Amino acid sequence: MTRFPLHRRALMTGALATGALALGGPGIAHARTASDRKLVVVILRGAMDGLAALIPAGEARYRELRRDLAISGGFDVGQGFRLHPRLTNLYRAWGDNELVLLPATATGYRERSHFDGQDYLEAGTAVIRDGWLNRALQLTRPNPSAVGIGQTVPLILRGNAAATSWSPGVLPDPSDDTISRLIDLYAGDPRLAETLAMAVETDAIAGGMSMAGMGGGSGPGQAYVQTARAAANLLAAPDGPGLAVMSLDGWDTHVRQGSDEGQLANRLGALDEALGILRDGLAAHWPRTAVLMVTEFGRTVRANGSGGTDHGTAGTAFLLGGAVRGGRLIGDWPGLGTLHEDRDLIPANRTEDLFRTVLAEHWGLARSDLDRHVFPDQPGAGFEGLIG
Amino acid sequence: MSRLDTAIALTRFGVGARPGEMDRIGSAGRDWLREQIGQVETPQGRDLRTSREAILYFREEYQPRLAALQDGTTEDPERARTELGRLLRSGSAAAILARTQLALTTEAGFVERWVRFWSNHFSVSMTSPPMALLAPTLEMEAIRPHAFGRFEDLLLAAELHPAMLFYLDNASSVGPTSRAGRRRGRGLNENLARETLELHTLGVDGGYSQDDIVALARLLTGWTIGNERLRHRSNQIGRTVFDERIHEPGAQTLLGERISGAAEDKAPTALRQLARHPSTAQFVATKLARHFIADHPDAADIAHIAQAFIDSDGDLAQVANAVITAPGAFQPDPQKFKTPEEYLVSTVRALNLPRLQMRALRASLAALGQVPFRAPSPAGWPDTEAEWGGPDALMKRLDFANELARRVGASARPRERAPEILGPRLEGATALAIARSESAEQGLTLLLMSPEFLRR
């Protein structure tokens with residue numbers, strides 16, 4: 001097992017809990033608060049092939065195991081790894097020291113169902129009650145407002161803290177009078193009343209933003225670009241939210257996923273374009289922004305019978321943004337010499353540790369609170385010094 | 001038996017009332033539901049294709065044009081690309097229009113809901129060019145014919161339908177030690193096996209392992225789509241075929257039972273075994289109760305449906321009867337938030353609007369967030385208020401209702417319309433808000449956005 005030299009694991013939670021960051025419990029203001037920060041969480045649904053995005057080209061068995069899926073090109077990020085050749089914006093972020101890469105990472109989930117895997121990723125626990133981001137929001141004072149890009153609030157944001165959803169529309173808005181009458185009508189239905197109130201508030205922040213202004217080409221690119229543009233516009237608006245969640249679908253590459261070129265390469269290209277839009281759209285906010293990009297699990301190391309990959313275990317996670325102290329790989333690397341159940345990359349790192357670190361360092365939350373309230377199933381060490 | 005039962009039957013189990021329907025049924029709502037069981041209608045329309053026609057159309061019309069475009073031998077590439085998009089949309093457009101039109105006009109709304117439930121249970125989605133043409137055909141060819149038959153027959157028809165074989169990649173799964181596997185170095189694709197166990201039969205906690213997934217994947221090898229390149233006979237082209245050359249030979253152990261015998265019989269035997277597994281009854285009953293009765297259904301409702309499933313050996317007519325006779329089936333408070341498609345259909349029925357234009361229909365479904373045959377994953381569309389009732393979703397419904405009211409105009413007469421379509425479900429607060437609205441358009445918007453119209 002390789003341990004990347006640039007990172008130091010937190011020794012234990014207890015040591016940190018006695019530090020300065022832990023002085024304030026919930027309800028007491030911290031030195032750094034969530035309110036002056038922007039956080040974006042990108043969920044890649046369908047299990048992105050982490051070994052295609054972050055290529056362990058230096059591994060002796062890489063070509064033998066991956067065969068037709070082996071990628072020749074890409075951007076060298078050192079220690080035997082390359083970024084996929086279509087990830088040009090991410091490589092630029094790497095060069096700007098704004099990108100942290102976490103290979104061989106997995107949540108606490110060890111089966112291979114997309115749906116349960118995504119639930120675990122978003123709930124942060126095996127028992128699905130609410131989302132871990134929502135539980136983290138409940139620890140912040142003041143609360144940054146939170147939005148899921150799309151029609152519904154994704155599980156990761158659901159819970160007792162208020163969270164809204166928004167996407168660009170095509171139809172003209174109803175009159176204020178109609179809306180206020182509807183709010184009256186919902187007096188007997190608190191759930192609808194609260195939902196409508198949040199929708200109205202977010203719509204006001206979004207101003208006249210409509211589908212027409214969202215642009216984009218066709219295919220996956222269009223959806224990804226529109227989602228990124230909606231997120232960037234909302235986050236950058238005056239009184240805009242501090243937290244946005246984007247869901248990008250379509251990573252379940254069971255058939256002919258390709259290598260340097262092909263289906264998965266095109267999708268990675270679209271993702272990269274969307275990340276560029278997010279960075280450019282956030283503009284002046286970018287230096288105070290962190291973007292967490294994760295997927296439910298990785299894919300098999302070997303190709304399956306149809307030039308694709310089946311559901312696996314460990315994958316790659318990304319932390320990006322102007323607030324990130326990047327340009328490095330973190331965590332442990334298990335190599336490809338031995339595989340988990342003779343098929344998957346060994347899960348050597350915990351995705352929850354990355355989440356925990358971002359919440360502690362970007363939002364200033366106490367690690368002891370995170371252990372108790374946000375990731376009770378998996379307390380313990382996180383990483384250190386990922387956010388400046 | 002009461003008029004409230006009828007109002008509930010029309011909305012919770014049906015596709016919404018049209019004006020006059022409530023009066024016609026009177027207080028016989030429960031009988032009205034029961035009499036529909038077994039009576040499946042077939043959507044009608046121009047340009048509807050079978051799965052075989054869809055596959056041939058894809059190979060003969062789409063692929064050559066795409067190849068020409070990629071070779072650079074097309075004269076006007078821009079126009080060719082538009083034409084390709086049109087070819088793909090033509091497949092789904094006719095099917096979406098036909099099935100929506102049936103839902104808008106049917107007098108047996110429970111049947112259409114029942115068909116949609118199973119179509120969603122065995123969800124296939126327009127995720128690639130061939131699927132854009134193929135996805136709409138499974139409901140017509142596998143779901144409707146077996147909707148009130150036996151679950152195991154429905155299961156076989158759905159898993160071995162060309163759309164499913166293609167969508168979940170079984171068409172390209174090859175037994176590693178089969179003749180073709182050894183010669184070409186191809187291998188298994190687990191996708192269909194995994195989703196069959198997880199989503200279609202036992203459910204994720206139903207008691208199977210990764211070994212069972214691999215065993216089922218091996219049993220399913222050989223089931224593919226007839227193709228000239230693979231030298232299938234001409235009458236097999238574009239149809240489901242069993243090709244022993246790619247089938248993994250030998251017996252397999254699935255859930256502790258050994259499955260052997262003729263190569264072609266093994267997958268059907270395995271699927272029938274899964275259909276009879278107790279976890280399947282429990283899983284299906286839970287999904288049915290969640291869809292028809294409540295997001296968090298009572299254990300008693302699930303047990304009632306599961307028992308009917310087990311006692312009748314998966315006779316879906318009896319299971320349907322169990323759904324409408326479950327203890328919580330007619331509880332007066334609505335526990336469900338309509339899906340976008342249910343919302344759109346019930347809206348158009350309530351207003352008795354004339355035939356829809358495809359463009360308007362598709363745009364509305366897209367704006368509301370649910371284009372048929374485009375579910376986001378093999379798990380199909382979600383089925384709870386948490387998934388459908390987000391702030392933006394509610395705002396999109398309001399935009400839609402407002403626009404519809406604007407177009408219908410003063411002819412809407414919402415004050416008279418409200419009791420006609422909601423019956424005893426109409427709340428005093430809603431009636432009052434409509435009566436006090438500043439215009440017929442606004443009154444109609446309030447009616448279509450009232451809690452009792454949004455819920456069922």
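1. Contact between α21(B) and α23(B). P414(B), R415(B), R417(B) and A418(B) of α21(B) meet A440(B), G443(B), L444(B) and L447(B) of α23(B). Two residues are in contact when their C-beta atoms, placed from the backbone, lie within 7 Å. By class, the residues of this contact are 5 nonpolar, 1 polar and 2 charged. Ala, Val, Leu, Ile, Met, Phe, Trp, Tyr, Cys and Pro count as nonpolar, Asp, Glu, Lys and Arg as charged, and the others, Gly among them, as polar.

2. Basis of the model. This is a predicted model: local features need pLDDT of at least 70, side-chain atom pairs count only at pLDDT 80 or more, and totals for chains, interfaces and linings use all residues. Residues are numbered from 1 along each chain as its sequence is written, while chains are lettered from A and ligands numbered from 1 in the order in which they are written.

3. α21(B) and helix α23 (residues 440-448) of chain B pack at about 20°, and their axes are 9 Å apart. Axes are lines fitted to C-alpha atoms, for helices over the stretch in contact, and angles run from 0 to 180 degrees between N-to-C directions. The two helices, α21(B) and α23(B), are therefore roughly parallel. Angles under 35 degrees count as roughly parallel, over 145 as roughly antiparallel, 65 to 115 as roughly perpendicular and the rest as oblique. The crossing of α21(B) and α23(B) is right-handed. A crossing is right-handed if the near helix is turned clockwise from the far one by less than a right angle, and left-handed if anticlockwise.

4. Helix α1 of chain B. In α1(B) (residues 3-12), 8 of the 10 residues are buried, so this helix is largely enclosed by the rest of the structure. Buried means 20 or more other C-beta atoms within 10 Å of the residue's own; exposed means 12 or fewer, and partly exposed is in between, with C-beta atoms placed from the backbone. The buried residues of α1(B) are D5(B), T6(B), A7(B), I8(B), A9(B), L10(B), T11(B) and R12(B). They pack against α2 (21-25), α3 (29-36), α6 (109-121), α14 (278-292) and α21 (414-422) of chain B. Helices (H or I, at least four residues) and strands (E, at least two) are DSSP runs, numbered from the N terminus.

5. Helix α15 (residues 299-311) and helix α16 (residues 316-325) of chain B pack at an angle of about 165°, with axes 9 Å apart. α15(B) and α16(B) are therefore roughly antiparallel. Their crossing is right-handed. α15(B) contributes H304(B), I305(B), A308(B) and F309(B) to the contact, and α16(B) contributes Q318(B), V319(B), A322(B) and V323(B). The residues of the contact of α15(B) with α16(B) are 6 nonpolar, 2 polar and no charged.

6. The A-B interface. Here 41 residues of chain A are in contact with 44 residues of chain B. On the side of chain A that touches chain B, α5 (114-123), β8 (164-166), α7 (176-185) and α8 (190-206) of chain A each supply at least two residues. α8(A) gives the most, with 7 residues. By class, this side of chain A has 15 nonpolar, 17 polar and 9 charged residues.

7. Chain A overall. Chain A has 12 helices and 14 strands. Of its 388 residues, 59% count as buried. Among contacts in chain A with a separation of 6 or more, 76% come from residues 24 or more positions apart.

8. An open antiparallel sheet of 3 strands runs in the order β3-β5-β4 (chain A). β3 (54-55) and β4 (75-78) of chain A stand at the edges with a single partner strand each, so one side of each has no neighbour in the sheet. β3(A) pairs with β5 (residues 81-83) of chain A in the antiparallel sense over 2 bridges. Two strands pair if DSSP finds at least two bridges between them. L54(A) stands opposite L83(A) in β5(A).

9. Backbone points to check in chain A. Most residues other than glycine have a negative phi, and most peptide bonds are trans. A cis peptide bond joins R141(A) and P142(A), with omega about -10°. P142(A) is in the loop between α6 (132-137) and β7 (146-149) of chain A. D239(A), a residue other than glycine, has a positive phi near 60°. D239(A) lies in the loop between α9 (220-236) and β9 (243-248) of chain A, and is exposed, with 8 other C-beta atoms within 10 Å. A283(A) has a positive phi near 40°. A283(A) lies in the loop between α10 (263-282) and β10 (289-295) of chain A, and is exposed, with 11 other C-beta atoms within 10 Å.
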